Amino acid sequence: MDFLEPAFMQRALLAAVLVGITAPAVGIYLVQRRQALMGDGIGHVAMTGVGLGFLLNSSPVWMATLVAIVGSVAMELIRAYGKTRGDLALALLFYGGMAGGVLLINLSPTGSNANLSSYLFGSLSTVSSEDVTAIALLAAFVVLVTVGLRRQLFAVSQDEEFARVTGLPVRLLNLLVAITAAVTVTVAMRVVGLLLVSALMVVPVAAAQQLTRSFKATFVLAVLIGTGVTLSGTITSYYQDVPPGATIVLLAIGVFIALAVLATPLARRRARAAERASAECDARCVPDTRRPADDVRV
């Protein structure tokens with residue numbers, strides 16, 4: 001347990017736990033909405049916030065949060081009203097965010113490409129006490145939204161028209177999902193990195209779906225997988241001196257592959273059981289219309 005002795009590892013492990021909880025908690029709604037790559041786009045936009053934080057000599061985490069929220073709201077509005085030009089507008093937003101981040105951090109007297117790399121791919125040694133405080137506050141907001149409004153967010157993610165008919169504020173809930181995803185990206189960027197955070201939002205959810213059939217079970221298992229791979233990846237990167245973000249994502253993909261292999265025979269058994277149950281039901285439930293000749297009544 002010597003990895004617990006350095007102060008930077010204590011901060012990194014705490015941040016890893018928070019990331020492991022929040023990323024799948026938001027990712028499950030993005031997967032339901034078929035917006036699995038939304039986190040990747042927000043990560044590109046957040047780079048401008050990181051660069052702006054260095055340029056203005058303020059906290060890159062909080063500045064990235066602000067810029068990512070603005071970008072996520074713009075993305076949601078483009079999705080809702082962009083029509084045929086929406087994909088082009090999103091591409092300009094993503095690439096402009098990345099280019100703006102690189103330019104601003106190089107204009108900053110205290111910034112450099114090395115600083116930017118730690119935000120792009122994650123870095124254990126650079127997680128400060130201020131970063132942990134910011135991550136904890138942002139993670140609390142994410143958990144409050146994703147758990148407290150899970151029924152409403154699930155309804156909107158499944159069928160917007162049905163949710164609108166039932167009286168739910170669909171537009172507000174869609175914006176809330178986008179904002180929560182933006183906050184999650186900035187929570188995770190110090191551990192996983194902006195370029196890989198989308199994978200941690202999606203892969204644990206996809207892995208959990210291999211074994212679970214309900215939303216609640218998928219949510220819980222995805223969070224457990226996310227927490228497990230972030231802790232394992234952080235500890236592995238400490239001992240092996242490898243990038244934490246890449247290690248965490250590869251571990252998550254490994255869990256997905258293992259559960260997919262395990263789920264294949266289970267799915268076949270379930271299919272065969274369903275076929276047998278259907279056949280038995282047909283045999284019991286279909287009425288026998290044949291009547292013996294001596295039973296015919298005139």
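Predicted model: local features only at pLDDT ≥ 70, side-chain atom pairs only at ≥ 80, totals over all residues.
## Burial and surface

Of the 298 residues in the protein chain, 44% are buried (under 20% relative accessible area, with exposed meaning over 50% and partly exposed in between; 1.4 Å probe, protein chains only).

Residues are numbered from 1 along each chain as its sequence is written, and side-chain values use heavy atoms, with hydrogens and water left out.

## Fold

The protein chain has 12 helices and 0 strands (DSSP runs numbered from the N terminus: H or I of at least four residues for helices, E of at least two for strands). Among contacts with a separation of 6 or more, 77% join residues 24 or more positions apart (contact: heavy atoms within 4.5 Å).

Helix H11 covers residues 215-240, and its 26 residues reach 36 Å from first C-alpha to last, close to the expected 38 Å (1.5 Å times one less than the number of residues). Just after H11, Asp-241 has a positive phi of about 55°.

## Helix H3

The 22 residues of H3 should span 32 Å at 1.5 Å a residue, which agrees with the 31 Å between its end C-alpha atoms. Its buried residues include Pro-60, Val-61, Met-63, Gly-71 and Glu-76. Ser-72 of H3 counts as buried because its relative accessibility is 0%. Beyond residues up to four places away in sequence, Ser-72 touches Met-38, Ile-42, Ala-178, Ile-179 and Ala-182.

H3 (residues 60-81) packs with H6 (residues 129-148) at an angle of about 30°, the axes being 9 Å apart (lines fitted to C-alpha atoms over the stretch in contact; angles run from 0 to 180 degrees between N-to-C directions). H3 contributes Val-61, Trp-62 and Thr-65, and H6 contributes Asp-131, Ala-134, Leu-137 and Leu-138. These residues divide into 5 nonpolar, 1 polar and 1 charged (nonpolar: Ala, Val, Leu, Ile, Met, Phe, Trp, Tyr, Cys and Pro; charged: Asp, Glu, Lys and Arg; polar: the others, Gly among them).

## Nonpolar cores

In the largest nonpolar core, of 70 residues, Ile-42 and Met-201 touch the most other members (a core is a set of buried Ala, Val, Leu, Ile, Met, Phe, Trp, Tyr and Cys residues joined through side-chain atoms within 4.5 Å). A second, separate core of 5 residues includes Phe-3, Met-9, Ala-12 and Leu-124.
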